[in-house]
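Here are some notes to go with the model you are about to open. Have it on screen while you read.

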Amino acid sequence: MIDLRSDTFTRPTPAMRRAMAEAEVGDDVWGEDPTIKRLEAAVAERLGHEAALYVPSGTMGNQICLRLAAPPGTECLANEDNHILWYEAAAAPVLSGVQLHPVPGPRGMLEPAAARARVRAARYGVPTSAIAVEQTHNRAGGAVQPLEVLEGLRALADEAGLHLHCDGARIWNASVATGISLERYGGLFDSLSVCFSKALGAPVGSAVAGSRDLVARAREVRHLYGGAMRQAGVLAAAALVALEQMVDRLAEDHANAGGLAATVAAAVPGSVDPAAVQTNMVLLDAGAFGTDGPGLVERLAGLGVLAADTDPDRVRLVFSYEVSADDAERAAKAVVAAAG
Ligand SMILES: Cc1ncc(COP(=O)(O)O)c(C=O)c1O
């Protein structure tokens, strides 16, 4: 089976397992785990921020940031397809009393003009306190949020006194795809949540980055949410390997995704827009195969490819380091065969 359901299915590399076995550890609740400290320093440096904090998951990273960004009874603007709206168990309203305001926009984009039109003051109802973007955008098939859009949102945030947060679970993919440095992206945001356990292949973990003050407060919220861990350096060691060894190679995943999209688009009209494939994901329109999402997933499984129906009529294929160029070619043939 070629598993293209998600880049979260990756298993740790041999280098990660070695690093985990050999990790120097201490009690991180007491601030004494040297491996976690190294990871946090490396993340802060790469993203051009003062500090960073290791957290157990991307969801916790986002939710810690939202709690710090938006006081209870206020609103955070986000594209209607953002992960925080779809897949985080209503955590923002439940944990932080924050209302997420979904804004429509193409390819996961929160367009500055659309955001500006939604910014509200207290006297009009729910005051806006924050803006959240997602880079790259999961439900938009790994779409890269353009720099000028992010800069427009930064300008709006400055003007209106809003906190700008980035769900950067796959910000590494955006940087590799565009050549724009992590530091340049990072500098646009007041807070970021980044993941080691997605495309980079680490088994566990994410990080929050921001100012020293934000990260100090994030540490308190992490404790409140039950995310303060003890000798978690055994996990952070794998994340360090992910950061050091697994970022540049993402270009291979992007090439594999693009190659599959080109092959399938040429053989199955209307099935996929190759120009929309910017990073490691491909979205297939199940209708072009004469079926629906679950139907296409079933056909593909019968042809040796595992895929995910992320919508009733849409199937997602995700490339990561355990999927070789050869696998990608075989998967492309299977997808073409699924059209009958
Ligand atoms: C864009 C995005 N943000 C956040 C998350 C949440 O990460 P976790 O599963 O580690 O909570 C994911 C998970 O896939 C994601 O794709």
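1. First, the ground rules. This is a predicted model, where local features need pLDDT of at least 70 and side-chain atom pairs count only at pLDDT 80 or more, while totals for chains, interfaces and linings use all residues. Residues are numbered from 1 along each chain as its sequence is written.

2. Overall shape. The chain has 340 residues and a radius of gyration of 20 Å, which agrees with the value near 20 Å for a compact globule of that length (taken over C-alpha atoms, with the globule rule being 2.2 Å times the number of residues to the power 0.38). Its C-alpha atoms fill a box of roughly 55 × 55 × 35 Å along the principal axes.

3. Make-up. You'll find 14 helices and twelve strands (DSSP runs numbered from the N terminus: H or I of at least four residues for helices, E of at least two for strands). Buried residues come to 53% of the 340; buried means that 20 or more other C-beta atoms, placed from the backbone, lie within 10 Å of the residue's own.

4. The largest core. A nonpolar core is a set of buried Ala, Val, Leu, Ile, Met, Phe, Trp, Tyr and Cys residues joined through C-beta atoms within 7 Å. The largest one holds 79 residues, and Cys 76, Ile 131, Val 208 and Ala 238 touch the most other members. Helix α11 (residues 233-245) is its top contributor, giving nine residues. Leaving aside residues up to four places away in sequence, Ala 238 touches Pro 12, Met 16, Ala 19, Met 20, Ala 202 and Pro 203 (contact means C-beta atoms, placed from the backbone, within 7 Å).

5. Another core. A second, separate core has 31 residues, among them Leu 296, Leu 300, Ala 307 and Val 315.

6. Helices α12 and α14. How do α12 (residues 250-267) and α14 (residues 325-338) pack? Their axes are 9 Å apart, at an angle of about 25° (axes are lines fitted to C-alpha atoms over the stretch in contact, with angles from 0 to 180 degrees between N-to-C directions). That makes α12 roughly parallel to α14, a label for angles under 35 degrees. Residues making the contact include Gly 259 and Leu 260 of α12 and Ala 328 and Ala 332 of α14.

7. Helices α8 and α12. The axes of α8 (residues 171-178) and α12 come within 9 Å and cross at roughly 80°. That makes α8 roughly perpendicular to α12, the term for 65 to 115 degrees. Here Trp 172, Asn 173, Val 176 and Ala 177 of α8 meet Leu 250, Ala 251 and His 254 of α12.

Conventions
Buried ≥ 20, exposed ≤ 12 C-beta atoms within 10 Å, placed from the backbone. Contact = placed C-beta atoms within 7 Å. Parallel < 35°, antiparallel > 145°, perpendicular 65-115°, else oblique.
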